[in-house]
Amino acid sequence: LHVSDSEVQFGDVVLATAVIPKIGENVDVVWLINDDVIIGDTAQIDNNYMKSTISYPIQEDSTIKIRTYYSKQEFNHVLFSNIKAYGIQSITVRGIVRVGESPELICDISPYKRVATSFWTHRGSRITPDTLTTDGRGYTSTIHLRNVTEGMFGRYYCAVSFVDGSRAVRDMEVVPEMACPLPLLRDGRFTEEFVRDSAELPGVVCDGGFAESPGNLWCDKGVLRGNSPLCLPKQQSPQTLILAVVITCACLVIIALIVVNLAIFCKKKTKVEDLKTSPIEEKHLPT
């Protein structure tokens with residue numbers, strides 16, 4: 001049993017691969033992560049061996065096991081591997097998120113590694129935590145949002161550095177009551193970070209070379225419903241393709257004409273030079 005990494009951050013995907021001897025025709029493979037059954041992808045390598053793989057996000061310290069059944073009978077050898085998870089477990093809000101209120105943002109950090117420093121960011125500004133504490137079961141980095149204003153809503157990032165040099169970052173969208181945080185878009189972004197209940201969806205700005213594919217998204221009392229818009233690569237219209245072909249052909253014709261004219265010019269010039277340098281026979285001279 002081979003695992004891509006035995007130490008991962010919370011949420012990282014682990015790839016596990018097992019090579020299994022093929023005995024008989026009926027071979028079943030069962031993967032388990034902390035005793036939860038996971039469906040793997042199994043294929044035959046040759047007449048003697050099979051390979052089975054899984055990829056799975058790790059949310060806690062985990063034990064990956066693989067059991068093999070031959071003709072419905074469990075094989076007496078069980079392979080397993082232990083995975084240690086570290087980093088930021090969660091970000092939560094304590095209190096009411098409303099203009100004028102003073103909630104707290106709490107970043108819970110795994111005790112597996114010793115924390116060196118922690119800080120927060122919001123819209124590019126760095127925020128020093130009000131407290132960084134540990135109780136032996138983990139670390140907690142906390143900031144207080146005092147007298148919340150409209151400008152204090154948006155995405156907050158909790159960042160932590162460990163003494164071994166590794167780092168972890170996790171984010172959370174802080175929005176008013178009954179509002180909905182908007183998802184991150186690939187190759188684009190929303191003009192706002194959240195949408196209020198029953199309000200019109202903010203606009204979408206796509207990166208260069210991409211165009212918006214409209215969706216049907218709305219906020220229903222704090223729950224985002226519908227389909228998100230997308231930023232897809234721009235497709236050229238048939239007219240644009242035809243124009244590009246015409247322009248390319250015209251350029252090729254012009255280049256060909258230039259080459260032909262240049263060849264004719266060089267040939268004429270060579271003939272003139274030959275006449276100038278060739279000797280004149282005496283019988284042609286006047287007497």
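Glu 7, Lys 113 and Asp 164 are joined in a network of salt bridges (a salt bridge is a side-chain nitrogen of Lys or Arg within 4 Å of a carboxyl oxygen of Asp or Glu). The model is predicted, so local features need pLDDT of at least 70 and side-chain atom pairs count only at pLDDT 80 or more, while totals for chains, interfaces and linings use all residues. Residues are numbered from 1 along each chain as its sequence is written, and side-chain values use heavy atoms, with hydrogens and water left out.

**Exercise 1.** State how many salt bridges a search of the whole structure finds, then describe the one between Arg 196 and Glu 150.

*Solution.* 
1. The search of the whole structure gives 14 salt bridges.
2. In the pair of Arg 196 and Glu 150, the closest N and O atoms are 2.7 Å apart.
3. This pair links distant parts of the chain, 46 residues apart: Arg 196 lies in the loop between β21 (194-195) and β22 (204-206), and Glu 150 in the loop between β16 (139-144) and β17 (154-162). Strands are DSSP runs (E, at least two residues), numbered from the N terminus.
4. Arg 196 is partly exposed at 36% relative accessibility, and Glu 150 is partly exposed at 43%. Buried means under 20% relative accessible area, exposed over 50%, and partly exposed in between (1.4 Å probe, protein chains only).

**Exercise 2.** Find the N to O distance in the salt bridge of Arg 98 and Glu 101, and the distance between the closest N and O atoms of Asp 220 and Arg 225.

*Solution.* 
1. For the side chains of Arg 98 and Glu 101, the distance is 3.7 Å, N to O.
2. Arg 98 is partly exposed at 37%; Glu 101 is partly exposed at 30%.
3. For Asp 220 and Arg 225, the closest N and O atoms are 2.9 Å apart.
4. Asp 220 has a relative accessible area of 29% and is partly exposed, as is Arg 225 at 36%.

**Exercise 3.** Describe the surroundings of β17 and its pairing with β13 and β18.

*Solution.* 
1. β17 is largely enclosed by the rest of the structure, because eight of its nine residues are buried.
2. Strand β13 (residues 115-122) pairs with β17 in the antiparallel sense over seven bridges. Two strands pair if DSSP finds at least two bridges between them.
3. In this pairing, Thr 117 stands opposite Ser 161 in β17.
4. Strand β18 (residues 167-174) pairs with β17 in the antiparallel sense over eight bridges, and Arg 155 stands opposite Glu 173 in β18.
5. β17 and β18 form a hairpin with four residues between them, and Gly 165 in the turn has a positive phi of about 100°.
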